[in-house]
Protein chains: 4
Amino acid sequence: MVNKVILIGNVGGDPEVRYLDGGVAVARFSLATSEVYNNKNGERVTQTEWHNIVLWRRLAQTAEQYVKKGMMLYVEGRIRTRSWDDQNGVKRYTTEIYGDNFQMLSRKQDGNDRSQDTPMPPAPDLSAGSDDSDDLPF
Amino acid sequence: MVNKVILIGNVGGDPEVRYLDGGVAVARFSLATSEVYNNKNGERVTQTEWHNIVLWRRLAQTAEQYVKKGMMLYVEGRIRTRSWDDQNGVKRYTTEIYGDNFQMLSRKQDGNDRSQDTPMPPAPDLSAGSDDSDDLPF
Amino acid sequence: MVNKVILIGNVGGDPEVRYLDGGVAVARFSLATSEVYNNKNGERVTQTEWHNIVLWRRLAQTAEQYVKKGMMLYVEGRIRTRSWDDQNGVKRYTTEIYGDNFQMLSRKQDGNDRSQDTPMPPAPDLSAGSDDSDDLPF
Amino acid sequence: MVNKVILIGNVGGDPEVRYLDGGVAVARFSLATSEVYNNKNGERVTQTEWHNIVLWRRLAQTAEQYVKKGMMLYVEGRIRTRSWDDQNGVKRYTTEIYGDNFQMLSRKQDGNDRSQDTPMPPAPDLSAGSDDSDDLPF
DNA sequence: TTTT
DNA sequence: TTTT
């Protein structure tokens, strides 16, 4: 059984992070992936898909520090759909991407901030997030 | 921008296929991926995720013929969330996987049917589905 | 930086396992992925690609016990090319897939063994291998 | 059978493109993916893996125009190992990645060129390459 | 809500 | 060297 998602897109907003009882961190943010195609009239159409990204524990904490609105991000994870009852007692579903790994592919992209011209920091374990720390390469 | 999903799971029901005006085929079926883990009490827990698979055109027609409830299937595709208004006028969202490719990894798995012991058919282009037909390997 | 490989294929031979000084286990086996296409003469051609799979530590030990020649296997990993000098002093290269994860998708497939008709074992952590043990699903 | 590779890395040199008899274009270039880890002495080590990327036909032509040394690139493809006899009559193997798709994730990254500060071109179908042109999103 |  |  395999449930794997690979996304490269732009971060829609700074992560919202909270800490559960017990101290487990959870970060949430949206990620946009856009697809461009020509419709039947030959017009160029951009379709944007918004993904709800959820990160846990160490990944959440790394995201809290480094992930910013506008960044281009690589996220690897899995699909998780959870249900809840709305105020009308109707069962509703929300699909989220639980990230197991991410990589920042750019600095913040907004025009007010020139830090995008600065190289990425040396960033010991910071420029990449993963649930397995200090993994040897073999 | 990349939006890629890779699933290996079991088909929840035979595909439902319909043909749009213009003759475009659309097939839908559910696919279960299960994840087994040990919870904090050390108990073994199975969590099953159901995915709504949607296939179009040639892939839909191949699925109509060959995909059956219980099969193990590889599906490669992308996430697509669409919205609609429910009877209370509330905006609702449904997330689907638009498949770009699939592979049958087993015959039907349910217990009433012994066909699983039969070898796969020779199946010219049939045991694998793809949107690019007759693609040369280079 | 991402270097990710996803393979589904048939195991070419039982894993060869050895233990390094220090007790680290390394398992090696080949995996065949076949691609079928129609050549320019319209003939059906099967092209088989052989991959050298290398697993380390806990994954190697799981493979030693459960992976058998003929099985259909899912392997997720990364590409690693290493160089060595041959007897003529010529630099040679070998490309391997370091597996980070695998799943058995079938029992042994050879005809003498009827175990393929038996359902998969309950297999606590056995039917799936991973480098992160007891990972909570969040 | 699945043989899928996903890479994000930096282009090692401008593509070399040639045209086979019959006019089929083939582009080749190297792509570096780096992995950073802590070795057993606790030192930070960077390991770079070089991949031989091969693109065909329309993808090759897009690469010829747009892919440049230093760019960060997403490449999706498959592993292909081919053999040849060297001057000593020894069978040698070369592993390549046949790309089925690619995306430019940045402009050229080297320091002499300030074009990286320029936004990407509007680029009709150019900023993304794929073997299926004008594919509708369903 | 992002980005080109 | 596998498998269909």
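# Chain pairing and salt bridges in a predicted model

Chain A and chain B together bury about 2400 Å², and 49% of this area lies on carbon and sulfur atoms. On the side of chain A, the residues that lose the most area to chain B are M1(A), V2(A) and E49(A), which together account for 26% of what that side buries. The model is a predicted one. Over all chains it holds 36 salt bridges, and 6 of these salt bridges are counted between chain A and chain B.

**Chain A: composition and surface**

- Chain A contains 1 helix and 7 strands.
- Read from the N terminus, the order of elements in chain A is β-β-β-β-α-β-β-β.
- Chain A has 138 residues, and 43% of them are buried.
- Among contacts in chain A with a separation of 6 or more, 57% are between residues 24 or more positions apart.
- The accessible surface of chain A amounts to about 6800 Å², with 46% of it belonging to carbon and sulfur atoms.

**How chains A and B are related**

- Chain A is superposed on chain B by a rotation of 180 degrees with 0.0 Å of shift along the axis, and the RMSD is 0.0 Å. The two copies are therefore related as by a two-fold rotation axis.
- V5(A) is the residue of chain A that comes closest to the rotation axis, with its C-alpha at 2.3 Å.
- Of the interface residues of chain A, 100% are also interface residues in chain B, so the copies meet through the same surface.

**The contact between chains A and B**

- Each partner is represented in the contact: 28 residues come from chain A and 28 residues from chain B.
- Between chain A and chain B there are 10 residue pairs in polar contact, with both residues at pLDDT 80 or more.
- Five strands of chain A, namely β1 (2–11), β3 (25–38), β4 (44–56), β5 and β6, each supply at least two residues of the side that touches chain B. The most is given by β1(A), with 9 residues.
- The size of an interface is often expressed as the accessible area lost when the parts come together. For chain A and chain B this area is about 2400 Å².

**Salt bridges involving chains A and B**

- E49(B) and R80(A) form a salt bridge through their side chains, at 3.7 Å from N to O.
- A network of salt bridges links E35(A) and E49(A) with R78(B), R80(B) and D100(B).
- E49(A), a member of this network, is also one of the residues of chain A that lose the most area to chain B.
- Within chain B, the side chains of D86(B) and R92(B) meet in a salt bridge of 2.8 Å, N to O. D86(B) and R92(B) are both buried.

- The side chain of K4(C) pairs with that of E76(A) in a salt bridge, at 2.9 Å from N to O. K4(C) belongs to strand β1 (residues 2–11) of chain C and E76(A) to strand β5 (residues 72–85) of chain A, so this pair joins two chains.
- Both K4(C) and E76(A) are buried.
- K4(D) and E76(B) likewise meet through their side chains in a salt bridge of 2.9 Å, N to O. This pair also crosses between chains, running from K4(D) in strand β1 (residues 2–11) of chain D to E76(B) in strand β5 (residues 72–85) of chain B.
- K4(D) has a relative accessibility of 10% and therefore counts as buried, the cut-off being under 20%.
- E76(B) is buried as well, because its relative accessible area is 8%.

- L105(A) is located in the loop of chain A between β6 (91–104) and β7 (128–130).
- With a relative accessibility of 9%, L105(A) counts as buried.
- L105(A) and L73(A) are 32 residues apart along the chain, and their C-alpha atoms are separated by 5.4 Å.
- Apart from neighbours within four places in sequence, L105(A) contacts I8(A), M72(A), L73(A) and Y74(A) in chain A. In chain D, L105(A) contacts I8(D), M72(D) and L105(D).

Methods
Residues are numbered from 1 along each chain as its sequence is written. Chains are lettered from A and ligands numbered from 1 in the order in which they are written. This is a predicted model: local features need pLDDT of at least 70, side-chain atom pairs count only at pLDDT 80 or more; totals for chains, interfaces and linings use all residues. Side-chain values use heavy atoms; hydrogens and water are left out. A salt bridge is a side-chain nitrogen of Lys or Arg within 4 Å of a carboxyl oxygen of Asp or Glu. Helices (H or I, at least four residues) and strands (E, at least two) are DSSP runs, numbered from the N terminus. Buried means under 20% relative accessible area, exposed over 50%, partly exposed in between (1.4 Å probe, protein chains only). Contact means heavy atoms within 4.5 Å. Accessible areas come from the Shrake-Rupley method with a 1.4 Å probe; for residues, only the protein chains shown count as cover. Copies are superposed by least squares on the C-alpha atoms of residues with pLDDT of at least 70 in both. Buried area is the accessible area (1.4 Å probe) that two parts lose on being put together, summed over both. A polar contact is a pair of N or O atoms within 3.5 Å; within protein, one must be able to donate a hydrogen and the other to accept it, and residues adjacent in sequence count only if both atoms are side-chain atoms.
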